[in-house]
Amino acid sequence: MKVSVIGLGYIGLPAAALISGKGIFVHGVDINEKIVGTINSGRIHFIEPELEGLIHHAVSNKLLIADTKPSEADVFIVSVPTPILADNSPDLSYVEKAIGSIIPYLQKGNLLILESTCPVGTTERMVEMILTKRPELKGSFFAAYCPERVLPGNIIHELINNDRVIGGVDKTSSEKAADFYRQFVNGNMHLTDSRTAEMCKLVENASRDVSIAFANELSMICQRAGINTNELIELANKHPRVNILKPGPGVGGHCIAIDPWFIVDSFPEEAKLIRQAREVNMSKTEWVIEKISEEAKRFENAAGKKPVIACMGLTYKADVDDIRESPAMEIKNQLERSGFSVKAADPLITNGIKETIKIFTPEESVSQADMVVFLVGHKQFRSLPVPANKIILDFCNINHQKSIL
């Protein structure tokens, strides 16, 4: 068997590593030549525990090769980004280009699996796109949608052990895809149709977005009412059927911050709560910027100068190196646009980001700043000493005494 993985990012590359670990040859494809070169040298281009060892082993044993162009295979897995446009509608151009690139290589009996997050009906539309150019393949290849459910920092474990929802365009396609995943997934296979599987992925993340929005809205209410948010949530959660999440400076990552818009775009009249949750979580980031600006104004009135602000953390969540849709990054950028001198610190930011953003060590940021603003709860920050003469604003619960949330 030969498997072609199109898109070697946060999901495609770990999947390629696991598949090749079963002795199956994987031809990985990515349009980024630098990423291709990194992988072919046995290294990875983002931080993920266990992954580099698996990639090094696969490349060394000639079970994985990365390329910028596809080739013939038995199974094609498409795992490319699906961002949103300025109007919050889904951008399917990467998926369409990926499918277009493999059309010349598809053969009878091939299995096509779409893992990219997509609006409902996308898998069916991609099959139609293929058959428009390759009508002779009608009824002779298989196609399914199978979304991933993984947590950055624990991707390998979750790819192996999480259950998978598999939705084929027909029953045989679902079964073929399930048989394929069973080779490297220990979790259970739940078979359905492609439209239900697509909606399942979107609903999972929209549900989480709504829960986070409740916590974020609650934190803003508590701050206005003079109530300690942490204490309130801890007390409320003692109810046996209440589980309020921890608030933060917003919602980031490529899933929760993006996927709900796919539902809103397709079903604008019905998705009222889902839209409102997105707007609440986006407004929380603006609320954080407002609180920082208010404190900065008080400092300026007293000291006669704008404060230097240390932004502690830029990734979208604690202990990962992923900055996609990061509220912390947006906060940093808006502060800089407002004329503040910002000293950003993030020990997990990779060299690729350092090429475009000046990153300081946590100690440098604290020493040079008048205000220390904690935006991401990296474990490296928890024991970081901050002098008593610094103004501390904590939006990620590093310090319960200084927490604003």
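Is Glu325 buried, exposed or partly exposed, and what is its relative accessible area? Glu325 is partly exposed, with a relative accessible area of 43%; here buried means under 20%, exposed over 50% and partly exposed in between, computed with a 1.4 Å probe on protein chains only. The model is predicted, so that local features need pLDDT of at least 70 and side-chain atom pairs count only at pLDDT 80 or more, whereas totals for chains, interfaces and linings use all residues. Residues are numbered from 1 along each chain as its sequence is written, and side-chain values use heavy atoms, with hydrogens and water left out.

Glu325 lies in the loop between strand E9 (308-312) and helix H12 (327-337). Helices (H or I, at least four residues) and strands (E, at least two) are DSSP runs numbered from the N terminus. The phi of Glu325 is near 55°, a positive value in a residue other than glycine. A positive phi, of about 70°, is also found at Asn88, which is not a glycine. Asn88 is placed in the loop between strand E4 (75-78) and helix H4 (93-102), and is partly exposed at a relative accessible area of 23%.

Arg164 belongs to strand E7 (residues 164-168) and counts as buried, at 3% relative accessibility. Apart from neighbours within four places in sequence, Arg164 is in contact (heavy atoms within 4.5 Å) with Glu115, Cys146, Pro147, Glu148, Arg149, Leu159, Tyr181, Val185, Asn188, Met189 and His190. With Glu115 there is a polar contact between the two side chains, at 3.3 Å. A polar contact is a pair of N or O atoms within 3.5 Å; within protein, one must be able to donate a hydrogen and the other to accept it, and residues adjacent in sequence count only if both atoms are side-chain atoms. Val264 is 100 residues from Arg164 along the chain, and the C-alpha atoms of the two are separated by 25 Å.

Helices H8 (residues 194-225) and H9 (residues 229-236) have axes that come within 9 Å and cross at roughly 125°. H8 is therefore oblique to H9, since angles under 35 degrees count as roughly parallel, over 145 as roughly antiparallel, 65 to 115 as roughly perpendicular and the rest as oblique. Leu218, Ser219 and Cys222 of H8 and Thr229, Leu232 and Ile233 of H9 make the contact. These residues divide into 4 nonpolar, 2 polar and no charged, where Ala, Val, Leu, Ile, Met, Phe, Trp, Tyr, Cys and Pro count as nonpolar, Asp, Glu, Lys and Arg as charged, and the others, Gly among them, as polar.

Notes. Axes are lines fitted to C-alpha atoms, for helices over the stretch in contact, and angles run from 0 to 180 degrees between N-to-C directions.
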